[in-house]
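Student: I would like a close look at a single part of this model. Please go through the contacts there one by one.

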Amino acid sequence: MPELPEVETTRRGLLPHLVGATIIDVTVREARLRWPIPAGLKKRIVSRVIHGVARRGKYLLWDVASADGGGFLLCHLGMSGSLFATTASVAPVKHDHVDIVLNVNKTLIRYHDPRRFGAMLWIDGAIPTHPLLDRLGPEPLSDDFDGAHLFRLSRNRAVSVKEFIMNAHVVVGVGNIYASEALFGAGIRPTIAAGRISRARYGLLVAAIRQTLTNAIAAGGTSLRDYVKADGEPGYFQLVTMVYDRAQTPCRVCNTLVKMIRQGQRSTYFCPRCQH
DNA sequence: CGAGAGTCCTGAAGGC
DNA sequence: TGCCTTCAGGACTCTC
């Protein structure tokens with residue numbers, strides 16, 4: 001499931017195809033995603049040039065001639081979505097919901113999403129403002145994200161630290177897998193109330209989140225070359241986790257059995273000995 | 001405002 | 001073998 005590293009890997013994989021290309025056609029086979037794909041999308045973007053692709057949290061923002069009467073295509077991959085380059089000669093398969101056809105080398109960008117938790121929306125104008133983006137927390141790999149930030153926002157918060165760092169208004173891009181992994185890295189038990197963690201420990205947690213995400217992006221980068229394969233299957237790297245999905249198996253550090261619990265209807269994994 | 005539950009959806013996995 | 005149930009997940013949205 002795409003977390004921030006996968007979204008960033010997607011962005012880097014698409015960039016060389018998109019920048020400078022002109023959109024010449026759009027096919028929407030299924031508009032019912034998390035929200036409906038706007039009916040007027042094709043009319044808005046056809047014949048416009050793509051100037052870049054940015055990422056904000058897990059949202060991808062295609063700059064579609066935003067400074068020249070266009071706007072931004074806002075994409076979210078949900079949990080089962082993927083965007084990849086292919087050609088019109090490759091027949092769409094089940095759940096290939098959108099094709100965005102480019103003027104270069106018969107390339108098209110295909111959106112595939114079995115569970116349709118993703119989104120493809122349009123933002124008019126030169127500035128990418130949108131209710132989905134307006135209240136997002138800092139990027140985890142930016143300087144704005146530090147222990148002081150987490151400490152300040154967490155005061156008097158009873159919510160568990162794991163759910164706290166998964167809140168996109170606190171920090172973007174920390175999904176269920178990396179939340180468990182980062183808390184293991186910081187030696188913090190996921191059930192502790194966010195408001196009861198010291199500033200120093202939040203410093204450790206920030207470092208662990210950065211490390212976890214950076215490693216994952218680097219791992220994604222190693223498969224970047226063949227990321228967009230001929231068959232259109234995205235080459236997501238296989239993630240090696242310390243605790244996630246390892247319930248009842250030995251901790252890789254101390255051999256204590258990893259525990260699985262439920263928090264906010266999500267599974268959480270931790271080592272009862274390494275994390276306090 | 002915060003906390004917790006509900007919601008969308010499909011495919012995989014497990015039970016019988 | 002095949003049907004049925006349960007679960008997974010991101011993140012918005014609703015209720016209290």
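Student: Which atom of DNA strand B lies 2.7 Å from a polar side-chain atom of R157?

Tutor: It is a phosphate oxygen of DNA strand B that lies 2.7 Å from a polar side-chain atom of R157. This is a predicted model, in which local features need pLDDT of at least 70, side-chain atom pairs count only at pLDDT 80 or more, and totals for chains, interfaces and linings use all residues. Residues are numbered from 1 along each chain as its sequence is written, chains are lettered from A and ligands numbered from 1 in the order in which they are written, and side-chain values use heavy atoms, with hydrogens and water left out.

R157 is one of the residues that surround DNA strand B (a residue is near a strand if one of its heavy atoms lies within 4 Å of it). Of the atoms of DNA strand B that come within 4 Å of the protein, 62% belong to sugar and phosphate. By class, this surface has four nonpolar, two polar and four charged residues (Ala, Val, Leu, Ile, Met, Phe, Trp, Tyr, Cys and Pro count as nonpolar, Asp, Glu, Lys and Arg as charged, and the others, Gly among them, as polar).

For H95, an N or O atom of the side chain is 2.6 Å from a phosphate oxygen of DNA strand B. For R115, an N or O atom of the side chain is 2.9 Å from a base oxygen of DNA strand B. R115 is also listed among the closest residues to DNA strand C.

Note on methods. Polar contact = N/O pair within 3.5 Å; in protein donor to acceptor, adjacent residues only side chain to side chain.
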